[in-house]
Amino acid sequence: MATNATQTPDTGQHLEVSRKRKRKVPTEVSIFLVLVGIALLFEILGWVVRGDSFLMNPQRLLIMILQMSIIGIIAIGVTQIIITGGIDLSSGSVLALTAMVTASLAQQSDYARAVYPALTDLPWLIPLAAGVLVGALCGLVNGALISFAVIPPFIATLGMMVSARGLARAYTDGQPVSMLTDQFTWIGSGANPVIIFLAVAVIFHIALKYTRYGKYTYAIGANPQAARVSGINVRRHLVLVYTIGGLLAGLAGVVAAARAGTGQAGMGLMYELDAIAAAVIGGTSLAGGYGRVTGTVIGALILGVMLSGFTFLGVDAYYQDIVKGAIIVAAVVIDQYRQRKRNKAA
Amino acid sequence: MATMTAETLSPDTAEYLLEVVDARKAFPGVVALDNVQLKIRPGTVHALMGENGAGKSTLMKIIAGIYIPDQGEVRLHGRPLALNGPLDALEAGIAMIHQELNLMPFMTIAENIWIRREPLNALGLVDHAKMHRMTEALFERLGIDMDPETEVRHLTVAGRQMIEIAKAVSYESDVLIMDEPTSALTDREVEHLFRIINDLRAQGKGIIYITHKMDEVFEIADDISVFRDGQFIHAAPAGELSSDKIIQLMVGREVTQMFPKEEVPIGEVVLSVKDLALEGVFEHISFDVHAGEILGIAGLVGSGRTNVAETLFGVTPATGGSIAIDGEAAVLSSPHQAMLRGLALLTEDRKETGLFLGLSVLENMEIAVLRDGYTRGAFVEQRRLDHECDEMTELLRVKTPSLDERIGNLSGGNQQKVLIGRWLMTHPRILILDEPTRGIDVGAKAEIHKLITKLAAKGVAVIMISSELPEVLGMSDRIMVMHEGRVTGFLDRADANQVNIMELASSPVEQPVVED
């Protein structure tokens with residue numbers, strides 16, 4: 001009986017708790033398993049239906065990741081916006097607008113019908129900076145409308161979605177902007193879009209986890225009133241978050257134009273929904289306060305694998321959309337279920 | 001076993017309206033209730049007492065059919081009930097009035113009460129005229145004076161509570177469960193509620209009444225059951241118990257000193273407020289707070305106490321008057337500004353304006369100091385923060401499995417301690433506490449009181465708002481009393497008592513209202 005435990009005073013024993021930072025299995029692990037499962041499913045179906053391997057084809061995998069890179073860059077911007085409890089419907093249109101602007105500043109001098117004949121053969125940094133800036137500006141307008149005009153994010157960004165698409169069309173009267181310089185298109189060549197995507201992912205993973213910017217973002221999403229009373233300038237921070245979201249859509253627009261070698265007003269159609277889907281499939285809660293970049297990256301990969309897999313199997317695009325829609329809804333159902341569990345615990 | 005059967009069949013058990021026998025309920029990792037019993041006599045108010053986490057709410061949810069017990073049973077009029085959901089309980093005659101009100105704001109009072117049971121006319125459409133008459137009849141019975149056609153969103157919290165009660169009564173329930181019904185009510189509204197409860201008692205109903213307020217218990221309860229850590233501890237008629245005895249049963253030990261007030265040297269004036277005003281809410285608020293002083297602010301709900309606190313902290317910047325800190329004029333136009341001048345505010349409503357429920361204990365605690373010396377550039381010095389939050393949880397004796405635990409999983413008292421920790425980490429010189437111990441258990445309450453005293457001893461100027469008069473009286477050096485957005489008087493610790501505070505809080509012009 002005279003063990004050490006019994007000798008501890010009563011109060012001490014009562015309060016004895018381990019304050020070690022215990023690590024729980026993060027949501028991302030389960031999403032990653034879903035990704036692996038889907039990939040394996042296509043592998044099996046591949047052998048059954050086509051007698052060919054789905055995964056053992058580096059070319060196909062590269063194309064898949066390349067396709068997802070642009071949506072992935074947007075999705076990271078959208079993820080941090082959703083974490084604040086907001087939404088961004090404008091990213092696809094902003095991508096189109098920035099693609100037009102960036103392409104118009106990246107044209108070759110020997111092209112007779114350049115948008116700005118005086119501004120051709122510019123170094124690649126100028127169209128890149130211009131594109132990113134235009135994107136950030138669109139985001140700034142979104143953020144200002146939401147913070148200072150107190151318009152719901154859904155409506156503010158819906159307005160931007162429609163207007164930015166119109167601006168993209170008006171910019172050249174609907175004409176595509178082509179004949180871009182080699183140094184500009186280099187941005188989108190080879191595996192560069194993937195590298196840019198991964199760099200953005202790493203930067204934002206760190207920013208959300210280890211900086212004040214990230215901590216404030218989560219706090220605002222979890223409880224904006226408490227955030228304000230904790231001394232956070234909620235309005236200013238939201239403007240910043242939407243501006244950065246727009247900036248990333250702008251960057252995606254630059255990459256898309258560089259990769260396609262042209263800027264077209266119809267680019268990025270419905271990308272905003274794919275980006276939201278990637279975030280939601282990746283576990284970001286539409287209620288705000290929860291979400292991770294790693295989850296969104298995996299979410300984007302899931303969308304990519306599905307697209308690539310269905311194409312590989314020769315499934316019609318209509319059916320692809322049906323399944324994609326179902327998966328998005330399933331992800332939200334799972335999110336709701338998780339929230340209910342959380343609330344029950346509270 | 002034989003005795004059990006005999007007991008069930010014997011006539012004296014049937015004298016109980018409601019019985020819970022040997023109930024047990026376990027959740028993953030925790031036994032919430034074990035071997036719990038409860039016996040409600042018809043025509044009585046039965047108070048359930050216990051600290052947070054004692055199992056009262058779990059027991060109520062079993063009676064109301066929300067939880068299904070792992071073991072044991074609920075008997076109504078001596079007959080065992082099989083409850084598979086709240087609707088079963090409602091139909092059997094057990095109604096629960098929820099702490100969070102469940103009314104539809106854009107529907108009328110009548111529609112809310114009779115929802116799911118609307119009277120229909122010959123065409124199968126809702127008969128609004130009849131519904132109106134039914135509501136009026138119900139209100140007459142309860143002495144409620146409200147227009148059944150008012151939309152619920154126009155009602156005060158108290159009004160909504162009355163509607164919830166009327167709705168429960170409309171089910172002709174034999175057992176009504178009230179979970180802290182007075183937590184948002186003014187004294188006058190509480191009086192009305194108690195009148196209704198007395199009527200229901202006279203009609204032979206059984207009322208289960210959960211509260212933390214000791215004075216209420218003795219005013220309204222016939223019987224008292226005490227719970228602790230999921231166990232049934234004691235049941236007795238209210239007349240046989242004293243409040244000291246109940247507290248002792250609740251905490252399982254003697255609470256030696258409820259208010260550990262220490263006399264500390266009072267220092268210089270730290271905060272000086274002159275003629276502070278917020279248009280349409282309060283005006284002419286003037287007071288000084290000294291280092292080491294605890295200034296209590298008393299007043300009824302709606303007197304503007306919380307508004308003054310929020311204005312001082314820059315949440316709703318003042319529209320008139322001046323604030324000086326250390327004799328220097330200060331403009332406090334945002335919480336950040338206020339924090340820079342050494343202020344901290346523990347807000348009244350933990351869930352609304354305090355907690356980030358979905359985030360961890362750590363994330364809740366560190367949020368206010370992310371800019372003051374805990375950052376290098378944009379980056380947060382996480383290791384230092386972890387360390388200090390760790391020390392703070394230890395200092396405040398927060399019971400949590402880890403700093404990464406979601407704060408929603410902690411008890412109310414521990415959540416409050418984390419929020420206090422959040423502000424202590426900012427090293428405030430002026431600490432405003434708005435209802436620091438609302439809705440938390442006796443043990444945690446005493447710890448928080450001790451902590452406030454310690455802070456004052458260290459020279460922090462404390463402003464404490466509280467609706468609990470014993471708390472204000474026990475903790476404050478001076479008490480400022482407010483009524484309808486005005487200061488109606490200051491009382492020194494030595495002169496203050498419940499009577500003169502209530503006089504000042506009720507009205508400066510009318511005849512003093514004396515409460516016993």
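The exercises below work through parts of a predicted model.

**Exercise 1.** Describe the make-up and extent of chain A.

Solution. 
Step 1. Start with the secondary structure: chain A has 15 helices and 0 strands.
Step 2. Take the extent next. The C-alpha trace of chain A spans about 95 × 60 × 30 Å along its principal axes.
Step 3. Turn to burial. Of the 346 residues in chain A, 52% are buried.
Step 4. Chain A has an accessible surface of about 16,100 Å², and carbon and sulfur atoms hold 67% of it.
Step 5. Finish with contacts. Among the contacts in chain A with a separation of 6 or more, 78% are between residues 24 or more positions apart.

**Exercise 2.** Find the strand order and the edge strands of the open sheet of 4 strands in chain B.

Solution. 
Step 1. Recall the background: strands of a sheet pair through backbone hydrogen bonds, either parallel or antiparallel.
Step 2. Read the order, which is 12-11-14-15 in chain B, with antiparallel pairing.
Step 3. Identify the edges. Strand 12 (282–290) and strand 15 (328–330) of chain B each pair on one side only. From one strand to the next, the twist averages 20°.
Step 4. Follow the pairs. Strand 11 of chain B is joined to strand 14 of chain B by 5 bridges in the antiparallel sense, and B:S272 has B:A324 in strand 14 as its bridge partner.
Step 5. B:A324 is bridged to B:A329 in strand 15, and B:I325 is bridged to B:E328.
Step 6. Examine the turn. Strands 14 and 15 of chain B form a hairpin with 2 residues between them, and B:D326 in the turn has a positive phi of about 55°.
Step 7. Helix 10 (residues 305–312) of chain B lies across strand 11 (269–278), strand 12 and strand 14, at about 65° to strand 12.

**Exercise 3.** Decide whether helix 6 and helix 7 of chain B are roughly parallel or roughly antiparallel, and list the residues that meet.

Solution. 
Step 1. Take the geometry. Helix 6 (residues 157–170) and helix 7 (residues 187–202) of chain B pack at an angle of about 10°, and their axes are 11 Å apart.
Step 2. Apply the cut-off: angles under 35 degrees count as roughly parallel. Helix 6 of chain B is therefore roughly parallel to helix 7 of chain B.
Step 3. List the contact. From helix 6 come B:A158, B:M162, B:I165 and B:V169; from helix 7 come B:E189, B:H192, B:L193, B:I196 and B:L200.
Step 4. Sort these residues: 7 are nonpolar, 1 is polar and 1 is charged.

**Exercise 4.** Is B:E180 buried or exposed?

Solution. 
Step 1. Locate the residue. B:E180 is in the loop between strand 7 (175–179) and helix 7 of chain B.
Step 2. Compare with the cut-off: buried means under 20% relative accessible area. B:E180 has 16% relative accessibility, so B:E180 counts as buried.
Step 3. Note a residue for comparison in sequence and space. B:H212 is 32 residues from B:E180 in sequence, and the C-alpha to C-alpha distance is 7.4 Å.

**Exercise 5.** Which strands stand at the edges of the open sheet of 6 strands in chain B?

Solution. 
Step 1. Read the order: 16-19-20-13-21-22 in chain B, with mixed pairing.
Step 2. Name the edges. Strand 16 (343–346) and strand 22 (486–492) of chain B each have a single partner strand, so one side of each has no neighbour in the sheet.

How values were computed: Residues are numbered from 1 along each chain as its sequence is written. Chains are lettered from A and ligands numbered from 1 in the order in which they are written. This is a predicted model: local features need pLDDT of at least 70, side-chain atom pairs count only at pLDDT 80 or more; totals for chains, interfaces and linings use all residues. Side-chain values use heavy atoms; hydrogens and water are left out. Two strands pair if DSSP finds at least two bridges between them. Axes are lines fitted to C-alpha atoms, for helices over the stretch in contact, and angles run from 0 to 180 degrees between N-to-C directions. Contact means heavy atoms within 4.5 Å. Angles under 35 degrees count as roughly parallel, over 145 as roughly antiparallel, 65 to 115 as roughly perpendicular and the rest as oblique. Ala, Val, Leu, Ile, Met, Phe, Trp, Tyr, Cys and Pro count as nonpolar, Asp, Glu, Lys and Arg as charged, and the others, Gly among them, as polar. Buried means under 20% relative accessible area, exposed over 50%, partly exposed in between (1.4 Å probe, protein chains only). Accessible areas come from the Shrake-Rupley method with a 1.4 Å probe; for residues, only the protein chains shown count as cover.
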